[in-house]
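Take a walk through this fold, one part at a time. Keep the picture open as you read.

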Amino acid sequence: MLKEIYEQPAAIADTLAGRLSEDGAVDLSDTGLGDDLLRRLRRIYIVACGTSYHAGLIASYALEQLARVPVQIEVASEFRYKDPVLDPDTLVIGITQSGETLDTLVAMRLSRAAGAPVMALTNIMGSQATRDADAVLFTRAGLEIGVAATKTHTAQVAALLLFALHLAEVRGGGAAGTAGTDMGGAGGGTRASEASAGGRPEPAELLRIGRELRRAPDLVQAYLDNHRRLDQIAERYHDQRFFLYLGRHVGYGVCLEGALKLKEISYIPTEAYAAGEMKHGPIALLDEGSPVVVVATDGPVYAKVVSNIEEVRARKADVIAVASEGNTDVDELAAAVLHVPKCDPWVSPLVAVVPLQLLAYRIARLTGCDVDQPRNLAKTVTVE
Ligand code: M6R
C-alpha cells in the first residue's frame, strides 16, 4: 500500500499524458465517445462501488459545475432496484478500477440494454467492463496490488476531471455562461463565496483549470517529499475508538475516501459526513478529545468549513485538519494540521486525499494491522 501511495505522482502523470496540452486543452479522442453524443446529452448517471464511487462523487461536482449537465451518482449495487429512467441521451459512466466488480458491471449492462450509452472508466485493459461499454476511458495507474485502493483512486479523479473539462469544452464553454465557476482565482482559489449557479465557465477558464491539473503530479510529489507531523498525529490518536470525517463540496468525497481507508485497514469505526449535516445528528457523537478529520483546503466553501471547525471545537473535540499551506486561521483552531501545497480547488481532491491515505496507513501500522492483507479480500467476481 505504501509503495502505491508513493506511485501516485506517476499514476496521475501517466493518466494525463497525451491528453492535456501545455496550454490546458484536453484531447480525449482515445475514449471513442463522439462529440455529437456529448453535445446532446441531457443527463449523466455515475455507477460505482467503494473508492471508485468516491472518485465519481468528486467528479459529479466538476461535471455539473463545468459542463452544466445534471449528474446523478448511484451506488452500483442499488442502481438496478430503482428501475432507472434511461434513454439514448443519458450517458452512464461505470467506474471500476479492476473492471470486474459485478455490481458495477450489472448496472452498466442494464443501462446498455435500456438504450443508454455507457462509458467505462477502468484501469485494466481487456477487463469485463471494457466489453460491457460503448466507450472506455482508461486510467494508467499500473497494476494495483493493495486491496486498499490509493493510486487508482487519484488516477480516476484525474481522468474524470479531464472528462469534465472535455465535456464542458465540447458543449461550448461560456455559451450559456455568466461569470465562471468561482472556483479559481489567484493563488489557487481562496475565494470564500458559494459556487456560482447556472454559469458555464468561459473557454479561457477551462484552459486555466487544465493547466492547473497538469501541476497535480508535482503537487502530490511535493507533499510526499515534504510532509510533516503525520507520525506525531498517528501516535497521538491511534488508540481512539472512533473517527469522524467532515468535508464540503469536493472535500466531501475526499473525507468519505479518507474514512473508508482508515476503516478498511485499521478496523477503527469511522463515519464521514457532508459537514453541513453535522448539526443534524452526528454532532452527538463528539466528546472532549474525539478526533474529527476535516478537509479544509482552499475553495469556495472554505469559510463554511472553518465555521464547522468552530462547531466541532465548541464540543471540545479535536480537529485534525487537512489545510492549504498558509491558512493560519485553521492552525489556530485545529489540534493538528496536515498542510498540503496550495492548488486550484478542482485539483485539491488529488492532493488532499494523500495525507488521509498516509494517516490511515500509519494508524494501521501502530495498531498492528497488516495493511496489505486486510480482511476485505473478496471484492471482485469475474463474469463471463
Ligand atoms: O475495482 P473496483 O473499482 O470496482 O472496486 C470497487 C471497490 O471494491 C473498491 O474501490 C474498494 O472500495 C477499495 N478496495 C477500498 O479501498
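Start with two neighbouring strands. Strand β8 covers residues 291–296, and strand β9 covers residues 318–324. The two run parallel, and 6 bridges join them. Look at one of these bridges: Pro291 has Asp318 of β9 as its bridge partner. Keep in mind that this is a predicted model.

In general, the strands of a sheet pair through backbone hydrogen bonds, and the pairing can be parallel or antiparallel.

Now widen the view. β8 and β9 belong to an open sheet of 5 strands. Read across the sheet and the order is β7-β6-β8-β9-β10. The pairing is parallel. Which strands sit at the edges? They are β7, residues 270–274, and β10, residues 336–340. Each of these edge strands pairs on one side only. The sheet also twists: from one strand to the next, the average is 20 degrees.

Helix α14 spans residues 302–314. It lies across β6 (243–247), β8 and β9. Its direction makes an angle of about 170 degrees with β8. Helix α16, residues 348–366, packs on the sheet too. α16 touches β6, β8, β9 and β10. Between the directions of α16 and β10 the angle is about 130 degrees.

The volume of the largest cavity is about 110 Å³. It is lined by 15 residues, and the closest to its centre are Arg248, Gly251, Thr297, Asp298 and Val301. Helix α13 (250–266) and strand β8 each supply at least two residues of this lining. By class, the lining of the largest cavity has 8 nonpolar, 5 polar and 2 charged residues.

Which element gives the most to its lining? Edge strand β10 does, with 4 residues. Helix α11 (216–226) also supplies at least two lining residues. Among the residues that line this pocket are Ala222, Tyr223, Asn226 and His227. Val337, Leu338, His339 and Val340 line it as well. By class, the lining of the second largest pocket has 6 nonpolar, 3 polar and 3 charged residues.

How values were computed
Residues numbered from 1 in each chain as written. Predicted model: local features only at pLDDT ≥ 70, side-chain atom pairs only at ≥ 80, totals over all residues. Heavy atoms only, no water. Pairing = 2+ DSSP bridges. Axes fitted to C-alpha atoms, helices over the stretch in contact; angles between N-to-C directions. Contact = heavy atoms within 4.5 Å. 1 Å grid on protein atoms, 1.4 Å probe; cavity = no way out; pocket = protein on both sides within 12 Å on 5 of 7 lines; lining within 4 Å. Points joined across faces, edges and corners; volume = space filled by probe spheres on them. Nonpolar A, V, L, I, M, F, W, Y, C, P; charged D, E, K, R; others polar.
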